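Please keep the sequence and the structure in view while reading.

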Amino acid sequence: MKYTEDDLKKELETQEYEYGFYTELESDTFPKGLNEAIVRGISKKKNEPEWMTEWRLDAFRIWEQMEEPEWANVKYEKPNFQDISYYSAPKKADPNKSLDDVDPELLEMYKKLGISVDEQKKLQGVAVDIVVDSVSVATTFKKTLAEKGIIFMPISEAIQEHPELVKKYMGTVVPKTDNFYAALNSAVFTDGSFCYIPKGVKCPMELSTYFRINEGGTGQFERTLLIADESSYVSYLEGCTAPARDENQLHAAVVELIALDDAEIKYSTVQNWFPGDKNGTGGVFNFVTKRGICETNAKISWTQVETGSAVTWKYPSCILKGNNSVGEFYSIAVTNNFQQADTGTKMIHLGKNTKSTIISKGISAGKSQNSYRGLVQINSRAENARNFSQCDSLLMGDQCGAHTFPYIEAKNTTAQIEHEATTSKIGEDQLFYCNQRGIDTEKAIALIVNGFSKDVLNKLPMEFAVEAQKLLEISLEGSVG
Amino acid sequence: MLKIENLQARIEDKEILKGLNIEVKAGEVHAIMGPNGAGKSTMASVIAGKEEYEVTGGSIELNGEDISELAPDERAHAGVFLSFQYPVEIPGVTVTNFIKSSINESRKAQGLEEMPAKDLLKKIREKSELLEIDRKFLSRSLNEGFSGGEKKRNEIFQMAMLEPKLAILDETDSGLDIDALRIVANGVNKLKSKDNAVIVITHYQRLLDYIVPDFVHVLHDGKIVKSGTKELALELEEKGYDWIKEELNA
């Protein structure tokens, strides 16, 4: 009967990844390896114009000269980039099909993920663009959006249909030269979403993309470009899952947000990629570059719930270029077993009266390592800039680690910067208290974790907050006996 | 209601309960008094099933069923409630949310549906009025930043919401000023019925002016060494515990 920390540890180790199934779809997969021919091949497969092919090749040549970064607080065997296939498309996918025509096997897969397209369709106010491996298979609500002049489509289509917008903005926030993974992504990205909100338009629904990696030995390199024109508003959610596979899969995405004057972008992520098994075998390497730029009076808000991936390397950031612009970062990162997360944000204050808020909640269990890494940089011309940062860590058991690396660079004396950090442990006393009130230990942990994460969960759009809450419970499910 | 026979329990290598006997019938209020270190809080924790304590002998029966092998949450479902001496904080979980989980988990264990929100709100309104609790209080995080009095009042509020068969109040009077004490005691009195029982653990007779016990027991060195009526409490207040120790040694 007696429940000890050892039991907790054992339970944590034996929990399985709920989404660890593999759907058999006929796939069209490129041979492994990366060279100019592969880059050209991807571009050709996508039927891209010449300028895009050149853009990719330029990125590839930059990438070849770069080295993988090693500064993050994560340890892993570096992927062999010549042992990855850079293109994999479900053969039956056709973006022009209506939802009813979607491969029933794909729909089944969504159902297992709890995001069946049918359900999503019924969820009023949610438009979904689903990316399985590399090709978008379903886009809904396109018509409703089109009436408002909103463009929401796979980026491969946007390259064909709106080349002027793509050309103007792609690579302006995350340049090809930015970092190793961003350069790689620029060379080989296969799909992702494109979104443009016209001047003064408030997007009437949440826009949503769901990503998952399916084919073995493939990497996923999606590219998201979101432009909110002057005085517009959009709320965007991306969700990610990957089935369980033994070899580590690479995911290196780039997300660029552009908020023009007086615009507001709310970008929420729920990430539940395969974290590897209890021995630390397999799992997704998630090396992502996400950054947004705010013009005058603009606002960008990043909210993320990270429960998956074996290794996470991710810093959704804001460049507060315009005066009075606002950047926000709200994050929950859960690590279990051998997962490693090094995540946080960069708030670059360039404009006057710019304001940023960082709230990070790290939850570590098993033998995992969970690091917050953040940079708050106040430029010399950023008069009256303000930042508030709060980093809280919650530990379960005594073999996991929580780390906080806050960097602050203030070059203007009018800056006001506040940083708060706490570390706590789920105590036996808390669990006993809940038990005494009839709440079993598993539910008690869920309750405590949800309470701990509440400040961030509250920032998610309503329907996704519920989903995220469920996900937190699943990730720590079976963590105690 | 509760029947404890020859209960022995230890924490790590330290024997704390050394053959405790007590019987509490429905409708009764029992007070447990005794010097520091006598085992009063241990007794409460062991009845509630705290796993740090190892039961090495004896039995605990609730309504004829041996509960000594049940997990703490199962004992709660069976109707055991412990008002903690030091209630813990759970940041970010509101009093309302906590009580909702608590009620619904107990209902689930009994094969019942979740309590409809409407009924829950009605019950919350009733019970918070009974205990003179400002409803704003219910949206605060559980025990976070609560004063000593607020924590204890919150414990009794939960007791009112859960309607346990057996309530054990572990030093509920400590940290309460006289007004709070009166409110809490009135609450307990109003919740008392012929179908439930209350065990009051206290150092001081003061609380027993408000919650009048049917029986008073003195716990000393892990055993109940003297039992009596409420007059015993007055005698203890006046003379302290030494005379009992002397009596025992004689």
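A:Ser231 counts as partly exposed because 18 other C-beta atoms lie within 10 Å, and a residue needs 20 or more to be called buried. In this predicted model, A:Ser231 sits in the loop between strand 8 (223-228) and strand 9 (233-241) of chain A. Its phi is near 55°, a positive value in a residue other than glycine.

B:Asp221 is not a glycine, yet its phi is positive, at about 50°. This residue belongs to the loop between strand 11 (215-220) and strand 12 (223-228) of chain B. B:Asp221 is partly exposed, because it has 16 C-beta neighbours inside 10 Å.

Another loop residue of chain B is B:Lys194, found between helix 6 (178-191) and strand 10 (197-201). Is B:Lys194 buried or exposed? B:Lys194 is exposed, because 9 other C-beta atoms lie within 10 Å, and the limit for an exposed residue is 12 or fewer. Apart from its neighbours within four places in sequence, B:Lys194 is in contact with B:Ala26 and B:Gly27. Between the C-alpha atoms of B:Lys194 and B:Asp66 there are 22 Å, and these two residues are 128 residues apart along the chain.

The helices of chain A come next. Two packed helices are described by the angle between their axes and the distance between the axes. Helix 3 (residues 50-65) and helix 9 (residues 180-188) of chain A pack at about 150°, and their axes are 7 Å apart. Helix 3 of chain A is therefore roughly antiparallel to helix 9 of chain A, since angles over 145 degrees count as such. Their crossing is left-handed. On the side of helix 3 of chain A, the residues that meet helix 9 are A:Arg56, A:Ala59, A:Phe60, A:Ile62 and A:Trp63. Their partners in helix 9 of chain A are A:Phe180, A:Ala183, A:Leu184, A:Ser186 and A:Ala187.

Helix 10 (residues 428-436) of chain A is mostly covered, with seven of its nine residues buried. The buried residues are A:Gln430, A:Leu431, A:Phe432, A:Tyr433, A:Cys434, A:Asn435 and A:Gln436. What covers these buried residues? The cover includes helix 11 (441-457) of chain A, and also helix 1 (40-48), helix 2 (72-77), strand 6 and strand 7 (90-94) of chain B. After helix 10 of chain A comes A:Gly438, which has a positive phi near 90°.

The view may now widen to chain B as a whole. Chain B contains nine helices and 12 strands. Its C-alpha atoms fill a box of roughly 60 × 40 × 35 Å along the principal axes. A compact globule of 250 residues would have a radius of gyration near 18 Å, and the 18 Å of chain B therefore agrees with that value. Of the 250 residues in chain B, 42% are buried. Among contacts between residues at least 6 apart in sequence, 71% join residues at least 24 apart.

Confidence remains to be considered. Chain B has a mean pLDDT of 92, and 100% of its residues reach 70 or more. Within chain B, confidence is highest in strand 6 (residues 80-83), at 97, and lowest in helix 9 (residues 242-249), at a mean of 83. For the complex, the predictor gives an ipTM of 0.96 and a pTM of 0.80.

How values were computed. Residues numbered from 1 in each chain as written. Chains lettered and ligands numbered in written order. Predicted model: local features only at pLDDT ≥ 70, side-chain atom pairs only at ≥ 80, totals over all residues. Helix = DSSP H or I, 4+ residues; strand = E, 2+ residues; numbered from the N terminus. Rg over C-alpha atoms; globule rule 2.2 N^0.38 Å. Contact = placed C-beta atoms within 7 Å. pLDDT = per-residue confidence, 0-100. Axes fitted to C-alpha atoms, helices over the stretch in contact; angles between N-to-C directions. Parallel < 35°, antiparallel > 145°, perpendicular 65-115°, else oblique. Left-handed = near helix turned anticlockwise from the far one by under 90°.
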